[in-house]
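Open the model in your viewer and keep the sequence panel beside it. The stops below say what to select and what is found there.

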Amino acid sequence: MSSPRARRLTLAASATGAVIVALDGTVLTVAQPRLQRDLHATFAQVQWTSTGYLIAVASLLVFAGRLGDRYGHRRVFAIGMLGFGAASAGIGLAGGIGWVIGLRVAQGAFGALLQPATLGMLRAAYPPDRLGRPVAVRTGAIGLAAVAGPLAGGALTSQLGWRAVFFVNVVPALAMGVAALAVRGRAVSRESVGPRLDLPGAALLAVALAGLVHTLVGIPETGWTVATALGAGCAVVAGGVFVRHERRTRDPLVPPGVLRSGTAGPALGVLVAASAALFGALFLGTYYLQSVLALDPLAGGVRALPLAVMMVLGAPVAAMLTSRQGPRRTAVAGMVLVVAGVLLMSRLGRGSGAEAIGGCFLLLGAGFATVMVTATTVVVRDASVDTAGVAGGLQQTAMNIGPALGVAAATTLMSVAGRSDATGRPPGDGPRWAADVFLPAMGPALTVLAAVAAAGALLATRLPGRPAPRRPEDQPVAELPDGPPRSEIASGA
């Protein structure tokens with residue numbers, strides 16, 4: 001796609017897909033208590049409506065990106081959207097918690113199909129030097145979903161019940177899926193399909209990521225148990241076998257060029273560090289607002305609103321800074337803001353006012369938006385059109401592993417520092433800390449998370465610097481997808 005209209009349609013599809021997935025996660029959190037009561041489910045069963053989804057998504061993202069590279073991102077995106085909408089409708093009609101869990105796993109599988117495609121389509125539609133703005137629009141849309149999700153989920157659940165939370169996804173998902181199928185793109189010939197799919201590698205990576213996510217999600221709920229230890233061991237063994245397999249196979253799942261660019265690896269590390277620090281801090285910040293300050297969920301959400309607002313407003317600013325100052329300076333500045341926000345949060349106490357609390361969330365939102373736009377642009381821009389799906393899958397995997405890692409680290413650190421109960425770990429129905437125990441332990445835990453963000457800032461120094469200006473006669477000629485050759489300025493990556 002190279003025409004302005006085709007690019008606008010691609011951007012609209014990419015942002016819509018990202019918003020639907022983001023909304024689904026935020027509104028479900030609000031609806032879970034009502035779902036538990038209506039279906040007479042246990043707390044563990046309700047948790048699996050989220051855990052099953054996360055495991056399915058994280059384990060299939062890279063393989064889904066490879067499918068897009070081979071068969072076309074638009075086609076894979078359409079299948080993902082249609083499946084996601086159908087699974088949402090099925091969950092809304094489910095008569096028992098078992099059906100809800102099973103359909104949530106299916107929904108996660110379809111979500112894994114569409115998420116890398118949202119980035120792969122952008123890479124195919126835009127030249128590398130123009131990727132910053134569409135990535136910023138996509139990031140801002142996700143931030144907007146973070147603002148609207150809890151409010152929409154609360155309103156729908158209160159007025160129409162928890163099933164409405166899933167029905168609201170059906171029409172936009174099905175409409176966007178049908179529209180994506182209706183758009184005519186360049187046909188993929190048999191000669192251009194490329195190497196065969198690495199099914200053994202995909203299976204090994206899926207097992208490794210599933211074990212890792214199961215472990216990270218299980219730690220906040222039950223602490224270190226036999227199940228979480230087995231999950232960690234499975235992740236290590238399967239990951240080691242996967243690396244060995246990829247080095248020996250002729251057609252690896254992750255083409256060597258994707259990670260050998262010298263910048264994609266550091267950019268993925270930056271995303272993991274930033275999302276781990278942010279979501280770990282958000283996890284602790286939520287308990288601070290509700291346990292220490294005794295605020296209800298709505299009042300606590302209002303205090304945290306600056307984070308989501310800065311996600312929306314900061315994304316276009318980040319794209320502009322990346323274009324003018326280069327990814328390295330922009331990402332380092334963003335990570336410094338994240339570090340500052342986490343450290344300021346570690347100084348909060350019983351007497352902290354709304355200004356201090358809002359300032360912490362403002363810094364976190366501004367920093368994370370900057371890092372997400374910059375690092376995502378680097379990952380996708382450095383990939384070729386033929387490997388953009390794998391690059392998008394790796395980016396989405398980082399954005400799923402990072403939050404789970406941050407929450408698990410925050411819970412473990414709190415247990416070590418504060419000892420939430422006599423066993424020294426959070427109770428089985430989720431962490432519950434008394435205010436007098438929570439506050440002294442929060443500072444050290446947040447300090448460690450700030451150190452994680454600082455490590456991300458060091459990784460950011462390995463991103464590309466500011467590109468040197470080029471004369472028109474020095475501009476290389478590149479061929480855009482579905483369009484004639486034209487000059488484009490090198491990205492400098």
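A residue is called buried at under 20% relative accessible area, exposed at over 50%, and partly exposed in between, using a 1.4 Å probe and protein chains only. This is a predicted model, in which local features need pLDDT of at least 70 and side-chain atom pairs count only at pLDDT 80 or more, while totals for chains, interfaces and linings use all residues. Residues are numbered from 1 along each chain as its sequence is written, and side-chain values use heavy atoms, with hydrogens and water left out.

Select C360, which counts as buried because its relative accessible area is 1%. Then select C234, which is partly exposed because its value is 34%. A search of the whole structure for disulfides (pairs of cysteine sulfur atoms within 2.5 Å) finds 0.

Next, select L284, Y288 and L364. Of the 82 residues in the largest nonpolar core, these touch the most other members. A nonpolar core here is a set of buried Ala, Val, Leu, Ile, Met, Phe, Trp, Tyr and Cys residues joined through side-chain atoms within 4.5 Å. Among the elements that give two or more residues to this core are α2 (43-71), α7 (199-222) and α10 (264-292); helices are DSSP runs of H or I with at least four residues, numbered from the N terminus. The largest share, 14 residues, comes from α10.

Stay on Y288 and show its contacts (heavy atoms within 4.5 Å). Leaving aside residues up to four places away in sequence, Y288 touches L293, L348, G349, S352, I357, F438, L439 and M442. Apart from this core lies another, of 17 residues, including A13, F77, A112 and A173.

Now move to the loops. H40 sits between α1 (4-38) and α2, and has a positive phi of about 55 degrees although it is not a glycine. H40 counts as exposed because its relative accessibility is 73%. A294 lies in the loop between α10 and α11 (297-303); its phi is also positive, near 60 degrees.

Finish with a helix pair, α1 and α4 (residues 97-125). Their axes, lines fitted to C-alpha atoms over the stretch in contact, come within 9 Å and cross at roughly 155 degrees. The two helices are therefore roughly antiparallel, a term for angles over 145 degrees, on a scale from 0 to 180 degrees between N-to-C directions. Among the residues that meet there are R7, L11 and V21 in α1 and I97, R104 and L114 in α4.

Note on methods:
Parallel < 35°, antiparallel > 145°, perpendicular 65-115°, else oblique.
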